[in-house]
Amino acid sequence: MTESVGLKTRERFIEVARQLFARKGVENTTMNDIASASEKGRRTIYTYFKSKRDIYNAVIEQETDIALSQLRAIVAKPIPADEKLKEYIDAHFETMREVVSRNGSLRAWFFRDVRKVDRARRIVSRKETILLQQILAEGVSEGLFEIDSIPRTALIITKTIQGLDVPYIRDDLSEIGVEKDELSKSFVSILLSGLIKRQ
């Protein structure tokens, strides 16, 4: 089996699993279902994935890679770090909303199963933290930010943003007068007021 054929087979399994998870739910989908819908043998699917959780994680990773590609594009922009941070946080909320809306199974449990949400987040948290470290390091280099520990600050910002995902996607805060665009602006304002180097 050539590498490209193997990659296509793996991608086929992931796409079929994504569709089945969205239609039937993760709990009601078996590895046999995925193999059968992919027109492959059960033995073949176990060549690529050890378990249903393994293929589920691959589905989530593929979905979140779409979001991460948009965030990477912002990090690469030739703009000041404070502007980059604003765009990054806006984009994070919107891309997470898009990922959850696009994936029926993910949407179904995103609001009810904290453990599954945490498992999915762990897949991307490290990558997001690294992207934020780049922005923060640029801000320090530009003389805009004053930060004791870039890795620690990036991790705290990542976890705080994630904590706001559900209220943003559900638009829960509008009930108390905070609209979606205001949530992002307020968060950035609070964040930057603690990061901007005082003159």
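In the predicted model, Phe13 is buried, with a relative accessible area of 0%. Tyr48 has a relative accessible area of 19% and is also classed as buried, because the cut-off for that class is under 20%. A pair of aromatic rings is described by the distance of the centres and the angle of the planes. Two aromatic pairs were found in a search of the whole structure, one of them formed by Phe13 and Tyr48. The centres of these two rings lie 5.9 Å apart and their planes meet at 55°, so the pair is tilted. Phe13 belongs to helix 1 (residues 3-24) and Tyr48 to helix 3 (residues 42-48); the pair therefore ties together parts that are 35 residues apart in sequence.

Rolling a probe the size of a water molecule over the atoms shows where empty space is left. Over the whole structure, three cavities of 30 Å³ or more were found. The volume of the second largest cavity is about 60 Å³. Its lining is made up of Thr64, Ala67, Leu68, Leu71, His92, Thr95, Met96, Val124 and Glu128. At least two residues of this lining come from each of helix 4 (52-75), helix 5 (81-102) and helix 7 (114-141). Helix 4 provides the largest share, with four residues. In terms of residue class, the lining of the second largest cavity comprises five nonpolar residues, three polar residues and one charged residue.

Definitions and conventions: Residues are numbered from 1 along each chain as its sequence is written. This is a predicted model: local features need pLDDT of at least 70, side-chain atom pairs count only at pLDDT 80 or more; totals for chains, interfaces and linings use all residues. Side-chain values use heavy atoms; hydrogens and water are left out. On a 1 Å grid over the protein atoms alone, a cavity is a set of points where a 1.4 Å probe fits but cannot get out, and a pocket is an open set with protein on both sides within 12 Å along at least five of seven lines; lining residues have an atom within 4 Å of a point. Grid points are joined across faces, edges and corners, and a volume is the space filled by probe spheres set on the points. Ala, Val, Leu, Ile, Met, Phe, Trp, Tyr, Cys and Pro count as nonpolar, Asp, Glu, Lys and Arg as charged, and the others, Gly among them, as polar. Rings of Phe, Tyr and Trp (its six-membered ring) pair if their centres lie within 6.5 Å; planes under 30 degrees apart count as stacked, over 60 as edge-to-face and the rest as tilted. Buried means under 20% relative accessible area, exposed over 50%, partly exposed in between (1.4 Å probe, protein chains only).
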